[in-house]
Each structure stands twice: as structure tokens, then as C-alpha cells.
Amino acid sequence: MFVEQRIYTTLPGKWRDYLALYEAEGLPIQLRILGRMVGYYTTEIGGLNQIVHMWAYTDMDEREQKRTALLADEGFRRYVAKMLPLLQSQESRILRPTRFFTPQWQETPQ
């Protein structure tokens, strides 16, 4: 399994608008399609106006299938059209666990 970390930087002062829109419209769709939300955070120190969200996938094939389904969803496309004007930039990273770390969403091998 791995985690995709997405960092969205909003225009200054727009992070509250972004979160309100996301909670009302984006979150229900992403939970239904993507499933495993690992975390959803805002920044306090360092880069400001940033929202960091993380999603777990079993492999790149699962990620591709779920992202394809997400982008094909009409409700999600309507949400994105409202959300994009609030953003300044977007980043995406794939984070793979080290061999000595077992993520909480996985069972520890017996």
C-alpha cells in the first residue's frame, strides 16, 4: 500500500472558502469513490493557505481506477469547477511506507 499526499495552496485568505465547499460538495464524493482517507489537514507554520490531504491505495492500478472514476463523476466535475478558482497551486506525492513501518490501515503481520 501507499499514500498519495496532495497539497493544495489556496489564494490568500481563501482556505476557509475552500474547506466549506469541500466539506459540502467534494468530501462526500471522494469518500464514496476513493475510500481510504488517511488525513486532511491545514497548515499553521511554514507555507500558509495550504490544505494537505492523503489517500491510501493498494497499488497504482487501484489509484488509476479510482481517480478515473472520480474524474468521470459529474458531481465531482461540478465541484472542481467551483474549487479551482480558489487555488493558487496543487502538488501530488506518492509516499511508500518503509519496510519497518506498518501503516495503521494495514494489519500487522502475525
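R63 makes contacts with F2, E4, R6, Y57, S92 and I94, residues up to four places away in sequence being left out. This arginine belongs to helix α2 and is buried, with a relative accessible area of 19%. The model is predicted; the chain has an average pLDDT of 92, and 95% of the residues score at least 70. Confidence is lowest in strand β2 (residues 37-42), where the mean is 95, and highest in α3, at 98.

**Helix α2**

The helix that holds R63 covers residues 60-72, 13 residues in total. From the first C-alpha to the last, α2 reaches 18 Å, close to the 18 Å expected at 1.5 Å a residue. At the N-terminal end, α2 is capped by D59, which places a side-chain oxygen 3.1 Å from the backbone nitrogen of D61.

The buried residues of α2 are E62, R63, K66, R67 and L70. Viewed down the helix axis, these buried residues fall within an arc of 120°, so they line one face of α2. The elements that cover them include β1 (2-10), α1 (15-33), β3 (50-57), α3 (74-83) and β4 (87-95). On the face turned away from the buried side, α2 carries the exposed residues D61, E64, Q65 and A72.

Which residues does L71 contact, leaving aside its neighbours within four places in sequence? They are F76 and R77.

| Residue | Relative accessible area | Class |
|---|---|---|
| R63 | 19% | buried |
| L71 | 48% | partly exposed |

The cut-off for a buried residue is under 20% relative accessible area, so R63, at 19%, counts as buried.

**The largest nonpolar core**

The largest nonpolar core has 18 residues, of which Y18, L34, L70, F76, Y79 and M83 touch the most other members. Two or more residues of this core are given by each of β1, α1, β3 and α3. The largest share, five residues, comes from α1. L70 is also one of the buried residues of α2, and F76 is a contact of L71.

Y18 touches Y8, T10, Y40, I51, H53, Y79, M83, L86 and L87, residues up to four places away in sequence not being counted. Among these contacts of Y18, Y79 and M83 are likewise core members listed as touching the most others.

Note on methods
Residues are numbered from 1 along each chain as its sequence is written. This is a predicted model: local features need pLDDT of at least 70, side-chain atom pairs count only at pLDDT 80 or more; totals for chains, interfaces and linings use all residues. Side-chain values use heavy atoms; hydrogens and water are left out. Helices (H or I, at least four residues) and strands (E, at least two) are DSSP runs, numbered from the N terminus. The expected span of a helix is 1.5 Å times one less than its number of residues. Buried means under 20% relative accessible area, exposed over 50%, partly exposed in between (1.4 Å probe, protein chains only). The arc is that of the directions from the helix axis to the C-beta atoms. Contact means heavy atoms within 4.5 Å. A polar contact is a pair of N or O atoms within 3.5 Å; within protein, one must be able to donate a hydrogen and the other to accept it, and residues adjacent in sequence count only if both atoms are side-chain atoms. A nonpolar core is a set of buried Ala, Val, Leu, Ile, Met, Phe, Trp, Tyr and Cys residues joined through side-chain atoms within 4.5 Å. pLDDT is the predictor's confidence in each residue, from 0 to 100.
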